Amino acid sequence: MTDASSPPHLDQAGFERIRQRVHQATGHRLADTRLGVVAGRLHSRLQHHGLSSFEAYLELVDAQPGEQALLLSLLIARDTYFFREHRHFEHLLRWLAGIGHRPRLWSAACATGEEAWSLAMVADQGAPGGWEVLASDYDDCLLQQARTGLYDVNQARYFPPGWVSRYCLCGAEQTAGRLRIAAGLREGVRFENINLIRPLPEHLGAFDAILLRNLLAGFDERCKADVLLRLMPHLRPGGLLMIGHSESIHRLDLPLRPILPSVFERL
Ligand SMILES: C[S@@+](CC[C@H](N)C(=O)[O-])C[C@H]1O[C@@H](n2cnc3c(N)ncnc32)[C@H](O)[C@@H]1O
């Protein structure tokens with residue numbers, strides 16, 4: 001008997017099909033041990049469509065292009081918050097003060113935008129003469145949220161003292177309990193859908209710093225190397241690459257030298 005609150009059985013073949021889809025779309029490799037987690041996370045989609053088997057669900061994913069985006073959104077990590085791994089931002093603030101030109105900065109897997117807006121605030125402080133931030137992700141839904149610049153007021157706890165009042169407005173009426181990123185900051189931030197496992201758009205140009213944080217752990221070594229090699233022409237010599245504190249790229253042969261934990265300088 002099937003309990004409606006637990007997912008139907010996902011067999012190994014079904015799991016492999018899901019894994020392949022996730023890998024082809026994002027470069028992420030779901031570990032062998034994730035079968036139960038995948039079944040649990042996708043259960044809500046089966047319930048939504050009134051389906052009782054993963055086979056039927058996978059047929060539906062094949063038939064309805066929009067469903068794959070929802071599947072991915074349930075399986076790919078998107079957790080983030082303002083000034084996450086704050087030492088990176090502290091370093092950038094000092095570094096930008098000596099840069100001598102208008103910096104271009106890229107949050108290359110920006111999720112719901114907290115990283116990109118944090119970068120913009122740091123740029124505004126460190127390079128008051130002007131700056132540019134590109135915020136990208138492969139997921140349009142996340143980019144849409146990022147663009148709104150609206151966040152729960154609880155996020156204020158991650159901000160350096162005084163920065164909430166400087167860079168955010170407190171919502172009223174429909175947006176009560178929310179922070180809204182102020183207009184002055186919005187002018188410098190551009191959002192774009194970029195899937196890092198595909199060829200990069202030609203117009204990108206070179207950046208002074210690229211934040212590629214908390215997504216590499218999901219890639220195998222080959223995919224990691226491909227993504228990083230694709231980014232290298234877009235990081236100017238002397239520019240900075242920042243990865244997540246728990247991520248590693250030391251086995252890859254790249255024109256980078258480590259200068260701090262998880263911070264690299266382009267040679
Ligand atoms: C855990 S979040 C990290 C967000 C932010 N960088 C941080 O460190 O807080 C990982 C993000 O990587 C994005 N991502 C995963 N694979 C990607 C790919 N192939 N191309 C672009 N973005 C990707 C996800 O959509 C998600 O928003």
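This is a predicted model: local features need pLDDT of at least 70, side-chain atom pairs count only at pLDDT 80 or more; totals for chains, interfaces and linings use all residues.
Q: Which residues of α1 are buried?
A: G14, I18, V22 and T26. Buried means 20 or more other C-beta atoms within 10 Å of the residue's own, exposed means 12 or fewer, and partly exposed is in between, with C-beta atoms placed from the backbone. Helices are DSSP runs of H or I with at least four residues, strands are E runs of at least two, and both are numbered from the N terminus.

Q: Where do these buried residues sit around the axis of α1?
A: Within an arc of 75° seen down the axis, so they line one face of the helix. The arc is taken from the directions from the helix axis to the C-beta atoms. An α-helix has 3.6 residues a turn, so residues three or four places apart point the same way.

Q: What follows α1?
A: G27, with a positive phi near 90°.

Q: Switching to α5 and α6. At what angle do they pack?
A: About 35°, with the axes of α5 (residues 86–97) and α6 (residues 114–126) 8 Å apart. Axes are lines fitted to C-alpha atoms, for helices over the stretch in contact, and angles run from 0 to 180 degrees between N-to-C directions.

Q: Which residues make that contact?
A: From α5, F89, L92, L93, L96 and A97. From α6, S118, V122, A123, Q125 and G126.

Q: A123, then. Buried or exposed?
A: A123 counts as buried, because it has 27 C-beta neighbours inside 10 Å.

Q: What does A123 touch beyond its neighbours within four places in sequence?
A: L96, P103, L105, W131 and V133.

Q: What is phi of A111 near?
A: Near 50°, a positive value in a residue other than glycine. A111 lies in the loop between β1 (104–107) and α6. A111 is buried, with 24 other C-beta atoms within 10 Å.

Q: And where is N214?
A: In the loop between β7 (207–212) and α10 (221–231). Phi of N214 is also positive, near 65°.

How values were computed: Residues are numbered from 1 along each chain as its sequence is written. Two residues are in contact if their C-beta atoms, placed from the backbone, lie within 7 Å.
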